[in-house]
Amino acid sequence: MAIGQIQIHQQPALIGIQVRPPEQHIEQPQATIDMRQIPAKLSIEQPMGVLEVNQDRAWDALGLANNLEVTSRIYSQAKEIALQGVARRMEEGRQLADLAHVKSNPVASLSKDWRIEGPPMPVTGPASIDNVDLSFTPGKVQISVEQGGVELNVTPNRPIHEYTPGKAEIYMRQYASVQITPPSIDTVL
């Protein structure tokens, strides 16, 4: 006897998913900035310099020095000039004493030279291109700095955020099923 076979057909269940993605929009406005510059302050002060001009030696060279210096110069030279005068008079006396021995006339030559002045007595100082003394003292520079800066006020702006959530729809695309087909049985023997 032959035994028939049972046939089983199975259909799986299928799930369908339809998804709508979420939507998001973000916008960030820039921060509001209020900025103010404070300038630095610079102060520079320089007092006038001092220029000193000393013309004493120049006036001295011109013979216009002060009386005390001229008198001191004459006094320091007076002894030497007096000794030169004494020596000259002694020479003249010697020439007059030799009057009998010399054929020339010393009286005539001495009387001719009587108007010649004595030795020069300098009352002026030495002349030079460096007779004027200059000295300059510059004024000291004073610098003061007051630091400036920046005043900065920043106000952040909130972001603009729009969000639409996504949606998922789940449905049955195919239902599960099982079909069993029994074998045909022959009952006739």
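## Stop 1: the salt bridges

A search of the whole structure turns up three salt bridges, a salt bridge being a side-chain nitrogen of Lys or Arg within 4 Å of a carboxyl oxygen of Asp or Glu. Before you click on, note that this is a predicted model, where local features need pLDDT of at least 70, side-chain atom pairs count only at pLDDT 80 or more, and totals for chains, interfaces and linings use all residues. Residues are numbered from 1 along each chain as its sequence is written, and side-chain values use heavy atoms, with hydrogens and water left out.

Select Arg-36 and Glu-151. Their side chains meet in a salt bridge, at 2.9 Å from N to O. This pair ties distant parts of the chain together: Arg-36 is in strand β4 (residues 32–38) and Glu-151 in strand β9 (residues 149–155), 115 residues apart. Helices (H or I, at least four residues) and strands (E, at least two) are DSSP runs, numbered from the N terminus. Arg-36 counts as partly exposed at 46% relative accessibility, and Glu-151 is partly exposed too, with a relative accessible area of 36%. As for the wording, buried means under 20% relative accessible area, exposed over 50%, and partly exposed in between (1.4 Å probe, protein chains only).

Next, pick Arg-57 and Asp-133, whose side chains form a salt bridge at 2.6 Å, N to O. Again the pair links distant parts of the chain: Arg-57 belongs to helix α1 (residues 56–61), Asp-133 to strand β7 (residues 133–137), and they are 76 residues apart. Arg-57 is partly exposed at 40% relative accessibility, while Asp-133 is partly exposed with a relative accessible area of 34%.

Now go to Arg-94 and Glu-91, which meet in a salt bridge at 3.2 Å, N to O. Where are Arg-94 and Glu-91? Both sit in helix α2 (residues 67–97), three residues apart, about one turn of the helix. Arg-94 is partly exposed at 45% relative accessibility, and Glu-91 is partly exposed at 38%. Side chains of opposite charge can pair when their charged atoms come close.

## Stop 2

Select Ile-26, which you'll find in strand β3 (residues 23–27). Buried or exposed? Ile-26 is exposed, with a relative accessible area of 55%.

Then bring up strand β10 (residues 160–164), which runs antiparallel to β3 and is joined to it by five bridges; two strands pair if DSSP finds at least two bridges between them. For one of the partners, click Glu-27, whose bridge partner in β10 is Ile-160. Back at Ile-26, leave out residues up to four places away in sequence, and it touches Ile-160 and His-161, where contact means heavy atoms within 4.5 Å. Draw a distance from Ile-26 to Tyr-163 as well: they are 137 residues apart in sequence, yet 8.5 Å apart in space, C-alpha to C-alpha.

## Stop 3: a glycine in a loop

Jump to Gly-49, in the loop between β5 (41–45) and β6 (50–54). At 30% relative accessibility, Gly-49 is partly exposed. What is Gly-49 in contact with, leaving aside neighbours within four places in sequence? Select Phe-136, Thr-137, Pro-138 and Gly-139 to see those contacts. Gly-49 and Phe-136 are 87 residues apart along the chain, with 6.9 Å between their C-alpha atoms.

## Stop 4: the nonpolar patch

Show the surface and select Ile-15, Ile-17, Val-19, Ile-170, Met-172 and Tyr-175. Together they form a nonpolar patch on the surface with about 670 Å² of accessible area. The elements giving it two or more residues are β2 (14–20) and β11 (167–174), and β2 supplies the largest share, three residues. Patches are made of residues with over 30% relative accessible area and no salt bridge: like charges are joined within 9 Å, nonpolar side chains (Val, Leu, Ile, Met, Phe, Trp, Tyr) within 5 Å. Accessible areas come from the Shrake-Rupley method with a 1.4 Å probe, and for residues only the protein chains shown count as cover.

Zoom in on Ile-170, in strand β11. Ile-170 is exposed, with a relative accessible area of 62%.

## Last stop: zoom out

Buried residues make up 7% of the 189 residues. The accessible surface comes to about 17100 Å², with 57% of it belonging to carbon and sulfur atoms. Among contacts between residues at least 6 apart in sequence, 94% join residues at least 24 apart.
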